[in-house]
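This briefing is meant for a reader who is meeting this structure for the first time. Please look over the sequence and the model, and then follow the points below, which are grouped by topic.

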Amino acid sequence: MGGLGVPALWSLARAGARRLTLVDPDPVELSNLARQVIYRPTDIGVPKVDAAARWLCERFPDVKVERHAIALDASNAASLIAAHDFVIDATDSPVAKFLINDTCIATRTPFVYGGVVGMTGQAMTVIPGETACIRCVFETPPDEDEIQSCREAGIVGPVAGAIGEMQAGEAMRALRAQKPLLSGKILTYDASGPSRVRITSVSPRPGCGCGAWKQEHRESHAPGR
Ligand SMILES: [Zn+2]
């Protein structure tokens, strides 16, 4: 419920999502107020999921909100994720991103990955067993000391806002049974120079446990293709 989760939440509520589950262990901090605009000064110290639920309830009373002020981890990921139609990864830790990837593959839950470091953001939608997953692209999480976390590199409001809104758009397409625009594709938004948006197709990696490569291979060798 930070730089990506807040714009995604707002966008989903506007687009007509009716049931949302929020997962975040952190309380609202003073430094969040400038960019994460749904929080107000009296929310400081309150769990972000509670403050966000209060904000939603005031503006979108039809939305049913479930709150979990806990960190997603290996003990709770499967039960939290399996109960849902679509997952938005708005986390800032590679460990959490790989856990979301692996749990969504195991429970066959589609999800959209999102990440922002400095002036660059990325998004990619994964349809388990059909399109490339995060491990097809990155294989393993980076070493701890290699990680240039959002906290160190800074996170730029407009980039996070754009990626979060895009993630919500992917979720709404999937929920309306339309193909998400970024399934099998990774979008990179680099705002450091003249704004650049690049969309690159990513192929499933042979040997990746997600099984998407086998599926693609089977389809491309099917009779009549
Ligand atoms: Zn994979």
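In this predicted model, the buried residues of helix 1 are Gly 5, Val 6, Pro 7, Ala 8, Leu 9, Ser 11, Leu 12 and Ala 13. Because 8 of the 11 residues of helix 1 are buried, this helix is largely enclosed by the rest of the structure.

**Helix 1 and its surroundings**

- The buried residues of helix 1 pack against strand 1, helix 2 (48-59), strand 3 and helix 7.
- After helix 1 comes Gly 16, which has a positive phi, near 105 degrees.

**Strand 1 and strand 2**

- Strand 1 has a covered face made of Leu 20 and Leu 22, while Arg 19, Thr 21 and Val 23 make up its uncovered face.
- Strand 1 pairs with strand 2 (residues 64-68) in the parallel sense, and this pairing runs over 5 bridges.
- Within that pairing, Leu 22 has Arg 67 of strand 2 as its bridge partner.

- Strand 6 (residues 185-190) pairs with strand 7 in the antiparallel sense over 6 bridges, and the bridge partner of Thr 188 in strand 7 is Arg 198.

- Ile 88 lies in strand 3 and is partly exposed, with a relative accessible area of 24%.
- Leaving aside neighbours within four places in sequence, Ile 88 is in contact with Ala 8, Leu 12, Val 112, Gln 167, Ala 168 and Ala 171; of these, Ala 8 and Leu 12 are among the buried residues of helix 1.
- Ile 88 and Arg 173 are 85 residues apart in sequence, and their C-alpha atoms are 13 Å apart in space.

**Asp 190 and its polar contacts**

- Asp 190 has its place in strand 6 and is buried, with a relative accessible area of 14%.
- The side chain of Asp 190 is joined to that of Ser 192 by a polar contact of 2.6 Å, and to that of Arg 196 by a polar contact of 2.7 Å.
- Not counting residues up to four places away in sequence, Asp 190 touches Met 119, Thr 120, Ser 195 and Arg 196.

**The largest pocket**

- The largest pocket has a volume of about 1,400 Å³, and of the 46 residues that line this pocket, the closest to its centre are Met 1, Val 23, Asp 24, Ala 90 and Thr 91.
- At least two residues of the lining are supplied by each of helix 1 (5-15), strand 1 (19-23), helix 3 (77-82), strand 3, helix 4 (94-107), helix 6 (150-153) and helix 7.
- Strand 1 gives the most to the lining of the largest pocket, with 5 residues.

Note on methods:
Residues numbered from 1 in each chain as written. Predicted model: local features only at pLDDT ≥ 70, side-chain atom pairs only at ≥ 80, totals over all residues. Heavy atoms only, no water. Pairing = 2+ DSSP bridges. Helix = DSSP H or I, 4+ residues; strand = E, 2+ residues; numbered from the N terminus. Buried < 20%, exposed > 50% of the residue type's maximum accessible area, 1.4 Å probe, protein only. Polar contact = N/O pair within 3.5 Å; in protein donor to acceptor, adjacent residues only side chain to side chain. Contact = heavy atoms within 4.5 Å. 1 Å grid on protein atoms, 1.4 Å probe; cavity = no way out; pocket = protein on both sides within 12 Å on 5 of 7 lines; lining within 4 Å. Points joined across faces, edges and corners; volume = space filled by probe spheres on them.
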